[in-house]
Amino acid sequence: MEITELRPSLYLVRVGFGQLYLWRDADVVTVIDTGIDGSGPAIAEAVRGLGLAPSAIERIVITHGHEDHAGSAAEVRSWHGAPVHVHEADAAFVRGEVRRPDPVVTEFDAPLWEQISALGLAPTPPTTVDVLLHEGDELDFGGGATVLSIPGHTPGSIAVYLPGPKVLFTGDTIGTTPAGEVMLGVFNQDEDAQLESFHRMAALDVATACFGHGEPVVTDAGRAMREAAASHRKRRLV
Ligand SMILES: [Zn+2]
(Lines give C-alpha, C1' and ligand atoms only; values in the text may rest on other atoms or scores of the structure.)
Protein backbone atom coordinates (compact mmCIF):
# COMPACT_ATOMS: atom_id res chain seq x y z
CA MET A 1 0.00 0.00 0.00
CA GLU A 2 1.26 3.43 -0.91
CA ILE A 3 -0.60 6.63 -0.10
CA THR A 4 0.04 9.99 -1.78
CA GLU A 5 -1.53 13.32 -0.82
CA LEU A 6 -2.54 14.93 -4.12
CA ARG A 7 -3.89 18.12 -2.53
CA PRO A 8 -5.43 18.87 0.86
CA SER A 9 -8.15 16.28 1.64
CA LEU A 10 -7.39 14.09 -1.40
CA TYR A 11 -5.30 10.94 -1.30
CA LEU A 12 -4.30 8.42 -3.95
CA VAL A 13 -3.96 4.89 -2.57
CA ARG A 14 -2.18 2.27 -4.64
CA VAL A 15 -3.30 -1.21 -3.72
CA GLY A 16 -2.19 -4.64 -4.93
CA PHE A 17 -3.74 -4.10 -8.34
CA GLY A 18 -4.74 -0.61 -9.40
CA GLN A 19 -5.63 2.34 -7.25
CA LEU A 20 -8.38 4.16 -5.39
CA TYR A 21 -8.91 7.51 -3.70
CA LEU A 22 -9.79 8.83 -0.27
CA TRP A 23 -11.42 12.20 0.32
CA ARG A 24 -11.22 13.50 3.87
CA ASP A 25 -13.65 15.97 5.44
CA ALA A 26 -12.58 16.66 9.05
CA ASP A 27 -12.89 13.26 10.73
CA VAL A 28 -14.78 11.37 8.04
CA VAL A 29 -13.59 9.75 4.84
CA THR A 30 -15.22 8.94 1.51
CA VAL A 31 -13.66 5.99 -0.32
CA ILE A 32 -13.82 6.23 -4.10
CA ASP A 33 -13.40 2.70 -5.48
CA THR A 34 -12.08 -0.25 -3.51
CA GLY A 35 -9.58 -2.16 -5.66
CA ILE A 36 -9.78 -5.89 -6.24
CA ASP A 37 -11.02 -8.46 -3.74
CA GLY A 38 -8.63 -8.49 -0.78
CA SER A 39 -7.78 -4.77 -0.79
CA GLY A 40 -9.60 -4.17 2.52
CA PRO A 41 -6.52 -4.31 4.76
CA ALA A 42 -4.70 -1.79 2.53
CA ILE A 43 -7.71 0.55 2.67
CA ALA A 44 -7.85 0.26 6.47
CA GLU A 45 -4.13 0.95 6.68
CA ALA A 46 -4.48 4.00 4.43
CA VAL A 47 -7.25 5.44 6.62
CA ARG A 48 -5.14 4.78 9.71
CA GLY A 49 -2.32 6.60 7.91
CA LEU A 50 -4.53 9.71 8.06
CA GLY A 51 -4.74 9.29 11.82
CA LEU A 52 -8.30 7.97 11.68
CA ALA A 53 -9.91 4.62 12.45
CA PRO A 54 -11.51 2.65 9.58
CA SER A 55 -14.85 3.47 11.22
CA ALA A 56 -14.28 7.01 9.88
CA ILE A 57 -15.31 5.74 6.44
CA GLU A 58 -18.65 7.41 5.85
CA ARG A 59 -19.46 6.15 2.37
CA ILE A 60 -18.11 3.96 -0.43
CA VAL A 61 -18.57 5.30 -3.96
CA ILE A 62 -17.97 2.85 -6.80
CA THR A 63 -17.22 4.44 -10.19
CA HIS A 64 -18.29 1.30 -12.08
CA GLY A 65 -18.90 -2.39 -11.65
CA HIS A 66 -15.54 -3.84 -12.65
CA GLU A 67 -13.81 -6.19 -10.22
CA ASP A 68 -10.77 -3.93 -9.75
CA HIS A 69 -13.03 -1.11 -8.50
CA ALA A 70 -15.88 -2.86 -6.68
CA GLY A 71 -13.81 -5.87 -5.54
CA SER A 72 -13.48 -4.91 -1.87
CA ALA A 73 -16.74 -3.00 -1.43
CA ALA A 74 -18.36 -5.90 0.44
CA GLU A 75 -15.40 -6.18 2.80
CA VAL A 76 -15.22 -2.45 3.60
CA ARG A 77 -18.99 -2.32 4.06
CA SER A 78 -18.83 -5.29 6.43
CA TRP A 79 -16.72 -3.33 8.97
CA HIS A 80 -19.45 -0.95 10.11
CA GLY A 81 -22.01 -0.70 7.34
CA ALA A 82 -20.63 2.24 5.35
CA PRO A 83 -23.17 2.56 2.53
CA VAL A 84 -22.15 1.38 -0.94
CA HIS A 85 -23.08 3.81 -3.74
CA VAL A 86 -23.30 2.49 -7.33
CA HIS A 87 -25.05 3.72 -10.46
CA GLU A 88 -28.21 1.75 -11.05
CA ALA A 89 -27.01 0.45 -14.44
CA ASP A 90 -24.00 -1.35 -12.86
CA ALA A 91 -25.68 -2.33 -9.59
CA ALA A 92 -26.62 -5.84 -10.73
CA PHE A 93 -22.93 -6.65 -11.42
CA VAL A 94 -21.90 -5.44 -7.98
CA ARG A 95 -24.69 -7.31 -6.25
CA GLY A 96 -23.55 -10.47 -8.04
CA GLU A 97 -26.89 -10.92 -9.79
CA VAL A 98 -25.39 -10.74 -13.27
CA ARG A 99 -21.81 -11.34 -14.38
CA ARG A 100 -20.45 -8.17 -15.88
CA PRO A 101 -20.13 -8.47 -19.65
CA ASP A 102 -16.67 -8.67 -21.19
CA PRO A 103 -15.61 -5.46 -22.92
CA VAL A 104 -15.52 -5.10 -26.69
CA VAL A 105 -11.79 -5.69 -27.14
CA THR A 106 -10.38 -3.39 -29.81
CA GLU A 107 -7.18 -3.87 -31.73
CA PHE A 108 -5.66 -1.21 -29.48
CA ASP A 109 -6.79 -3.07 -26.34
CA ALA A 110 -5.94 -6.60 -27.42
CA PRO A 111 -2.34 -7.00 -26.16
CA LEU A 112 -3.19 -5.49 -22.77
CA TRP A 113 -6.41 -7.50 -22.53
CA GLU A 114 -4.38 -10.68 -22.99
CA GLN A 115 -2.09 -9.70 -20.13
CA ILE A 116 -4.94 -8.73 -17.82
CA SER A 117 -6.94 -11.85 -18.63
CA ALA A 118 -3.91 -13.97 -17.78
CA LEU A 119 -3.91 -12.47 -14.28
CA GLY A 120 -7.31 -14.06 -13.66
CA LEU A 121 -8.59 -11.32 -11.34
CA ALA A 122 -11.06 -12.67 -8.79
CA PRO A 123 -14.69 -11.80 -9.48
CA THR A 124 -16.29 -9.16 -7.26
CA PRO A 125 -17.64 -10.67 -4.04
CA PRO A 126 -21.30 -9.66 -4.10
CA THR A 127 -22.22 -6.70 -1.95
CA THR A 128 -25.39 -5.00 -0.86
CA VAL A 129 -25.87 -1.73 -2.73
CA ASP A 130 -27.27 0.85 -0.31
CA VAL A 131 -27.61 3.85 -2.62
CA LEU A 132 -28.44 3.70 -6.32
CA LEU A 133 -26.87 6.65 -8.10
CA HIS A 134 -28.26 8.64 -11.02
CA GLU A 135 -27.21 11.63 -13.11
CA GLY A 136 -27.24 14.80 -11.05
CA ASP A 137 -27.29 13.19 -7.60
CA GLU A 138 -25.51 15.20 -4.93
CA LEU A 139 -23.26 13.56 -2.35
CA ASP A 140 -22.31 15.27 0.88
CA PHE A 141 -18.53 15.41 0.72
CA GLY A 142 -15.87 17.79 -0.55
CA GLY A 143 -18.23 20.76 -0.18
CA GLY A 144 -20.81 19.04 -2.41
CA ALA A 145 -20.16 16.34 -4.99
CA THR A 146 -22.15 15.90 -8.19
CA VAL A 147 -22.67 12.51 -9.83
CA LEU A 148 -22.36 12.46 -13.62
CA SER A 149 -23.66 9.51 -15.58
CA ILE A 150 -20.92 8.80 -18.14
CA PRO A 151 -21.83 5.54 -19.91
CA GLY A 152 -19.42 3.87 -22.32
CA HIS A 153 -16.74 2.10 -20.31
CA THR A 154 -19.66 0.33 -18.64
CA PRO A 155 -23.35 1.29 -18.81
CA GLY A 156 -23.33 2.49 -15.19
CA SER A 157 -20.00 4.31 -15.14
CA ILE A 158 -20.04 7.53 -13.17
CA ALA A 159 -17.78 10.48 -12.63
CA VAL A 160 -17.90 12.48 -9.40
CA TYR A 161 -17.23 16.21 -9.66
CA LEU A 162 -16.41 18.52 -6.77
CA PRO A 163 -16.95 22.05 -8.14
CA GLY A 164 -15.52 23.70 -5.00
CA PRO A 165 -11.98 22.30 -5.15
CA LYS A 166 -12.41 21.50 -8.89
CA VAL A 167 -11.65 17.81 -8.45
CA LEU A 168 -12.98 15.16 -10.83
CA PHE A 169 -13.01 11.39 -10.34
CA THR A 170 -13.35 9.84 -13.79
CA GLY A 171 -13.30 6.10 -13.12
CA ASP A 172 -11.93 4.20 -16.12
CA THR A 173 -13.46 6.38 -18.81
CA ILE A 174 -10.24 8.39 -18.88
CA GLY A 175 -6.76 7.33 -17.81
CA THR A 176 -3.12 8.23 -18.34
CA THR A 177 -0.42 6.35 -20.18
CA PRO A 178 2.77 5.36 -18.32
CA ALA A 179 4.24 8.57 -19.84
CA GLY A 180 1.50 10.59 -18.15
CA GLU A 181 -0.53 11.44 -21.25
CA VAL A 182 -4.28 11.66 -20.82
CA MET A 183 -6.09 9.04 -22.91
CA LEU A 184 -9.45 7.38 -23.39
CA GLY A 185 -9.60 4.39 -21.03
CA VAL A 186 -9.37 0.83 -22.34
CA PHE A 187 -11.66 -2.26 -22.15
CA ASN A 188 -14.95 -0.59 -22.93
CA GLN A 189 -18.52 -1.62 -23.70
CA ASP A 190 -19.33 1.27 -26.04
CA GLU A 191 -16.51 3.55 -27.20
CA ASP A 192 -18.81 5.98 -29.06
CA ALA A 193 -20.73 6.68 -25.86
CA GLN A 194 -17.50 6.76 -23.92
CA LEU A 195 -15.92 9.35 -26.21
CA GLU A 196 -19.00 11.53 -25.72
CA SER A 197 -18.55 11.10 -21.97
CA PHE A 198 -14.88 12.06 -22.34
CA HIS A 199 -15.82 15.30 -24.12
CA ARG A 200 -18.44 16.05 -21.48
CA MET A 201 -15.87 15.75 -18.68
CA ALA A 202 -13.26 17.70 -20.64
CA ALA A 203 -15.66 20.66 -20.76
CA LEU A 204 -15.75 20.94 -16.96
CA ASP A 205 -13.67 23.34 -14.92
CA VAL A 206 -11.21 20.83 -13.43
CA ALA A 207 -7.93 21.40 -11.62
CA THR A 208 -7.28 17.84 -10.45
CA ALA A 209 -8.42 14.74 -12.34
CA CYS A 210 -8.29 11.34 -10.62
CA PHE A 211 -8.32 8.40 -13.01
CA GLY A 212 -9.07 4.74 -12.40
CA HIS A 213 -5.66 3.83 -13.76
CA GLY A 214 -2.56 5.93 -14.35
CA GLU A 215 -1.14 9.00 -12.68
CA PRO A 216 -3.67 11.67 -11.73
CA VAL A 217 -3.24 15.12 -13.24
CA VAL A 218 -3.00 17.40 -10.23
CA THR A 219 -3.09 20.87 -11.80
CA ASP A 220 -4.80 22.26 -14.91
CA ALA A 221 -6.32 18.87 -15.69
CA GLY A 222 -9.20 20.40 -17.66
CA ARG A 223 -6.77 21.65 -20.27
CA ALA A 224 -5.00 18.29 -20.48
CA MET A 225 -8.35 16.52 -20.93
CA ARG A 226 -9.52 18.98 -23.59
CA GLU A 227 -6.32 18.53 -25.57
CA ALA A 228 -6.56 14.74 -25.32
CA ALA A 229 -10.25 14.73 -26.25
CA ALA A 230 -9.62 16.97 -29.26
CA SER A 231 -6.76 14.86 -30.59
CA HIS A 232 -8.34 11.47 -29.91
CA ARG A 233 -8.65 9.39 -33.03
CA LYS A 234 -11.28 6.74 -32.98
CA ARG A 235 -9.79 3.33 -32.59
CA ARG A 236 -10.62 0.70 -35.15
CA LEU A 237 -12.66 -2.19 -33.83
CA VAL A 238 -11.25 -5.65 -34.42
ZN1 LIG B 1 -13.08 -0.66 -15.58
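Reader: How many residues lie between S10 and S11 in their hairpin, and which residue in the turn has a positive phi?

Author: Strands here are DSSP runs of E with at least two residues, and helices are DSSP runs of H or I with at least four residues, both numbered from the N terminus. S10 and S11 form a hairpin with 4 residues between them, and Lys166 in the turn has a positive phi of about 60 degrees. This is a predicted model, in which local features need pLDDT of at least 70 and side-chain atom pairs count only at pLDDT 80 or more, while totals for chains, interfaces and linings use all residues. Residues are numbered from 1 along each chain as its sequence is written.

Reader: In what sense do S10 and S11 pair, and over how many bridges?

Author: Two strands pair if DSSP finds at least two bridges between them. S10 and S11 (residues 167-171) pair in the antiparallel sense over 3 bridges. Tyr161 stands opposite Leu168 in S11, and Leu162 has Val167 as its bridge partner there. On S9 (residues 145-149), the pairing with S10 is also antiparallel, over 4 bridges; Val147 has Val160 in S10 as its bridge partner.

Reader: What is the order of the strands in the open sheet?

Author: The sheet has 5 strands in the order S8-S9-S10-S11-S14, with mixed pairing. S8 (138-139) and S14 (208-211) stand at the edges with a single partner strand each, so one side of each has no neighbour in the sheet.

Reader: How many residues of S10 are buried?

Author: A residue is buried if 20 or more other C-beta atoms lie within 10 Å of its own, exposed if 12 or fewer, and partly exposed in between, with C-beta atoms placed from the backbone. In S10, 5 of the 5 residues are buried, so the strand is largely enclosed by the rest of the structure. Ile158, Val160 and Leu162 point one way from S10, and Ala159 and Tyr161 point the other way.

Reader: Which residues touch the most other members of the largest nonpolar core?

Author: In soluble globular proteins, nonpolar side chains tend to be buried together. A nonpolar core is a set of buried Ala, Val, Leu, Ile, Met, Phe, Trp, Tyr and Cys residues joined through C-beta atoms within 7 Å. The largest one has 55 residues, and Val13, Tyr21, Leu22, Val31, Ile60, Ala159 and Leu168 touch the most other members. S10 (residues 158-162) gives the largest share of this core, 5 residues.

Reader: Which residues does Leu22 touch, beyond those up to four places away in sequence?

Author: Contact means that the C-beta atoms of two residues, placed from the backbone, lie within 7 Å. Leu22 touches Tyr11, Val13, Val29, Val31, Ala46 and Val47, with residues up to four places away in sequence not counted. Val31 in S4 is also the bridge partner of Leu22. S3 and S4 (residues 28-32) run antiparallel, joined by 5 bridges. In S3 (residues 19-25), 6 of the 7 residues are buried, so this strand is largely enclosed by the rest of the structure.

Reader: Is Leu12 buried or partly exposed?

Author: Leu12 counts as partly exposed, because 19 C-beta neighbours lie inside 10 Å. Leu12 is found in S2 (residues 10-14). S2 and S3 run antiparallel and are joined by 5 bridges. Their hairpin has 4 residues between the strands, and Gly18 in the turn has a positive phi of about 85 degrees.
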